[in-house]
Amino acid sequence: MSTTGRDLTRRLRLLLALGAAATLVLFGAYRGVHDDTVPLASSSAPGILAVDTATNALKNANKVVSGGVANDTTGEFHTQISVAHQSLALAASENVTGFKDRHTLQTVTGLIAVYSGFVERAGKVRDNSRLSTVYLHYADKVLGPGTEGDIMSRLEELRTDQVREAKRQASFPWQLRLGWSAVLVLYAALCAALVEAQWFARRRFRHSVHPPLLAATVLCVAGVVVLGCLTADVCTTMTGIRNELLTPVKAGRIPDFATEVEDKMANAGFWASLSNWLLIEGALLMALMVAGLWPRIAEYRFRAAR
């Protein structure tokens, strides 16, 4: 009695099992990387740059104060304070680290009001040098750095927390390495099983090409190669952004760096959305396997019934 029907059934079951496993593992590994691309590009990086902008603005405001409040005829001090407030509002809207982030920003905003209040009082009593010096001393204590709980110390702590979150988003931990290693092993096994099934079908049925199985093989190879290369490129980009953010970005570099991040990650949302299509690709892959082998299996079942 011919064993071709059983051999075909066994091969189809193996292909379907490998196809389902490979699809699910690829889905998890792909999302593990790309689910963090959009938050890093649209939230974490802008939030960190907003804190850097506020810090630089406060340093510039302090330079104006150091040069003499009475000499500030252009309103530069209030301009820099306004820039700091706007930047902190932007950082709050990005909400990089959650409640702690918002609480720190609210506190810093209040302290900036206290700081500017002392500076304004010093300007009003500039004729009384002793009292003006006292107000400026208080303003310096509120601004920092050097005093526990001052503005600069709080902003530095906030930035550290934000960078820690950005590092987590851009990381490639051992779990993801293991996941992508499993993807490569499963897809290599699936491709090998597809090639073996085509060789078996060619030997038994004298067909030089088996279109559904050939299409499944091409889809399998092309899919994992394209998605793997895309993911590697995204990881490299995210690592570059993370490395740039490890140290405070200089004031003149902030606009250019923000534009650079936006350009490099412009398609992050689109690539992340591809994870929703991976399950469809997996279903199509298994449908091609069934289309390639099931008609032959059905023929042998029909012959056995006769």
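User: Which residue just after H3 takes a positive phi?

Analyst: This is a predicted model. Just after H3, the residue Asn95 takes a positive phi of about 50°.

User: What makes the phi of Asn95 worth a remark, and where is Asn95 placed?

Analyst: Most residues other than glycine have a negative phi. Asn95 is not a glycine, yet its phi is positive. Asn95 sits in the loop between H3 and H4.

User: Why is Asn95 called partly exposed?

Analyst: The relative accessible area of Asn95 is 30%. Buried means under 20% and exposed means over 50%. The value for Asn95 falls in between, so Asn95 is partly exposed.

User: Which peptide bond is cis, and how do you know?

Analyst: The bond from Gly144 to Pro145 has omega near 0°, and is cis. Most peptide bonds are trans. Pro145 is in the loop between helix H5 (129–143) and H6.

User: How do you know that the span of helix H3 agrees with its number of residues?

Analyst: Helix H3 covers residues 76–94, which is 19 residues. The expected span is 1.5 Å times one less than the number of residues. For H3 that gives 27 Å, and the end C-alpha atoms are 27 Å apart, so the two agree.

User: Why are the buried residues of H3 said to be on the same side?

Analyst: The buried residues of H3 are Phe77, Gln80, Ile81, Ala84, Ser87, Leu88, Ala91 and Glu94. They cover an arc of only 135° around the axis, and therefore lie on the same side of H3. An α-helix has 3.6 residues a turn, so residues three or four places apart point the same way. On the other side of H3, Gln86 and Ser93 are exposed.

User: What covers the buried residues of H3?

Analyst: The cover includes H2, H4 and H6.

User: What makes Lys100 and Asp161 a salt bridge?

Analyst: Their closest N and O atoms are 3.1 Å apart. The cut-off is within 4 Å, for a side-chain nitrogen of Lys or Arg and a carboxyl oxygen of Asp or Glu. Lys100 and Asp161 meet that test, so the pair is a salt bridge. The pair links distant parts of the chain, with Lys100 in helix H4 and Asp161 in helix H6, 61 residues apart.

User: Are Lys100 and Asp161 buried or exposed, or partly exposed?

Analyst: Lys100 has 43% relative accessibility and counts as partly exposed. Asp161 has 12%, and so counts as buried, since the limit is under 20%.

User: How many salt bridges does the structure hold?

Analyst: The structure holds eleven. One of them joins Asp36 and Arg168, with the closest N and O atoms 3.7 Å apart.

User: Why is the pair Asp36 and Arg168 said to tie together parts of the chain?

Analyst: Asp36 lies in the loop between H1 and H2, and Arg168 in helix H6, so the parts joined are 132 residues apart in sequence. Asp36 is buried, at a relative accessible area of 15%, whereas Arg168 is partly exposed at 42%.

User: Why is Thr104 called buried, and what does it touch?

Analyst: Thr104 has a relative accessible area of 14%, which is under 20%, so Thr104 is buried. Thr104 lies in helix H4 (residues 99–124). Not counting residues up to four places away in sequence, Thr104 touches Arg154 and Leu158.

User: Which residues of the largest nonpolar core touch the most other members?

Analyst: That core has 52 residues, and Leu15, Tyr187, Leu190, Leu194 and Leu245 touch the most other members. Helices that each supply at least two residues of this core include H1 (4–34), H7 (174–205) and H8 (211–245). A second, separate core of 29 residues includes Leu58, Val65, Ala122 and Leu143.

User: What is the mean pLDDT of the protein?

Analyst: The mean pLDDT is 87, and 92% of the residues reach 70 or more.

Definitions and conventions
Residues numbered from 1 in each chain as written. Predicted model: local features only at pLDDT ≥ 70, side-chain atom pairs only at ≥ 80, totals over all residues. Heavy atoms only, no water. Helix = DSSP H or I, 4+ residues; strand = E, 2+ residues; numbered from the N terminus. Buried < 20%, exposed > 50% of the residue type's maximum accessible area, 1.4 Å probe, protein only. Contact = heavy atoms within 4.5 Å. Core = buried A, V, L, I, M, F, W, Y, C linked by side-chain atoms within 4.5 Å. pLDDT = per-residue confidence, 0-100. Arc of directions from axis to C-beta.
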